Amino acid sequence: MSASSLRARIRSEMNHEIKEVARRHLATDGANLSLRGVARDMGIVASALYRYFPSRDALLTALITDAYEALGAAATDAESAVPRDDLRGRWLAVCHATRTWALAHPAEYGLLYGNPVPGYAAPSETTVPAAKVVLLLVDIVIDGAEHLEPVPSPLPEPVRADLRRLIDQHPGDLPEERLDRVFAGWTHLFGLISFEVFGRLNDTIEARAEYFDHHMGLMADLAGIPR
């Protein structure tokens, strides 16, 4: 192995170890990350850590990007396992995989969808992985356009303009009214998951899985996906 290859391997392994330790901090301290604390747990001086992540924000961005990519991969794998003509099955697979990932990784989910981290602004590089789940839902609706139930729904013109702008940025076309319904399903999906992950359903809904299934079915109905 060449010296440059060895250095690259060591750097990759150090990046991985730093992020693993940081994820453990997320589980105990939330997004209140301290590079000094991470370095202390690794048995190295803080100055050594800065060679890999020059700031707390750089480490947070890496963790956020990894989490979005892991969530997107889980949703993609689940959706791709369903026959292409089973539109409702694909929709529900995305929803179930998203919930399963969130419940298995509550600290990382909290970093993505919990309270904003004070003083941190996510850079544009997180935008693409952040959109993966909603784009999967959009693609399902585009694929099944000729089979969907009609969804007449007047839209305020400012909302229609926003939706048209988003439609124009994504391959494939669909009416603004349809995208509006998909977005309603998307926001309800993450709203319900957030209520579960952050304990908002405690002492109210005990049948969590059944409640989730029921509501994701309602959102599929709202989007016009036939039973």
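Predicted model: local features only at pLDDT ≥ 70, side-chain atom pairs only at ≥ 80, totals over all residues.
Leaving aside its neighbours within four places in sequence, which residues is H215 in contact with? Good morning, colleagues.

H215 lies in helix 11. Once neighbours within four places in sequence are set aside, its contacts are H188 and L192. H215 has a relative accessible area of 15% and is buried, because buried means under 20%. Its C-alpha atom is separated by 14 Å from that of V94, a residue 121 places away along the chain.

I now come to the aromatic rings. A pair of aromatic rings is described by the distance of the centres and the angle of the planes. Searching the whole structure gives 5 aromatic pairs. In one of these, Y109 and Y113, the ring centres are 4.9 Å apart and the planes stand at 35°, so the pair is tilted. Both tyrosines belong to helix 6, residues 106-113, where they are 4 residues apart, about one turn of the helix.

F198 has a relative accessible area of 38% and is partly exposed. Through ring pairs, Y68, Y109, Y113, F190 and F198 are linked into a cluster.

Another ring has a charged partner. The charged end of R99 sits over the ring of F212, at 5.4 Å from the ring centre. R99 is also among the residues that E196 touches, together with L103, L201 and R208, not counting residues up to four places away in sequence. E196 lies in helix 10 and, at 14% relative accessibility, counts as buried.

As for L59, and not counting residues up to four places away in sequence, the residues touched are I18, K19, A22, L33, L35 and F53.

Helix 4 also leads us to two helix contacts. The axes of helix 4 and helix 6 come within 10 Å and cross at roughly 110°; the two helices are therefore roughly perpendicular to each other. On the side of helix 4, this contact is made by L60, L63, I64, A67, Y68 and L71, and on the side of helix 6 by E108, L111, L112 and Y113. Two of these residues, Y68 and Y113, are also in the ring cluster.

How do helix 4 and helix 8 stand to each other, roughly parallel or roughly perpendicular? Their axes come within 9 Å and cross at roughly 25°, and the helices are therefore roughly parallel to each other. In this contact, L71, G72, A75, T76 and E79 of helix 4 meet K132, V133, L136 and I140 of helix 8.

Thank you for your attention.

Definitions and conventions. Residues numbered from 1 in each chain as written. Heavy atoms only, no water. Phe/Tyr/Trp six-rings, centres within 6.5 Å; stacked < 30°, edge-to-face > 60°. Buried < 20%, exposed > 50% of the residue type's maximum accessible area, 1.4 Å probe, protein only. Lys NZ or Arg CZ within 6 Å of the ring centre and 35° of its normal. Contact = heavy atoms within 4.5 Å. Axes fitted to C-alpha atoms, helices over the stretch in contact; angles between N-to-C directions. Parallel < 35°, antiparallel > 145°, perpendicular 65-115°, else oblique.
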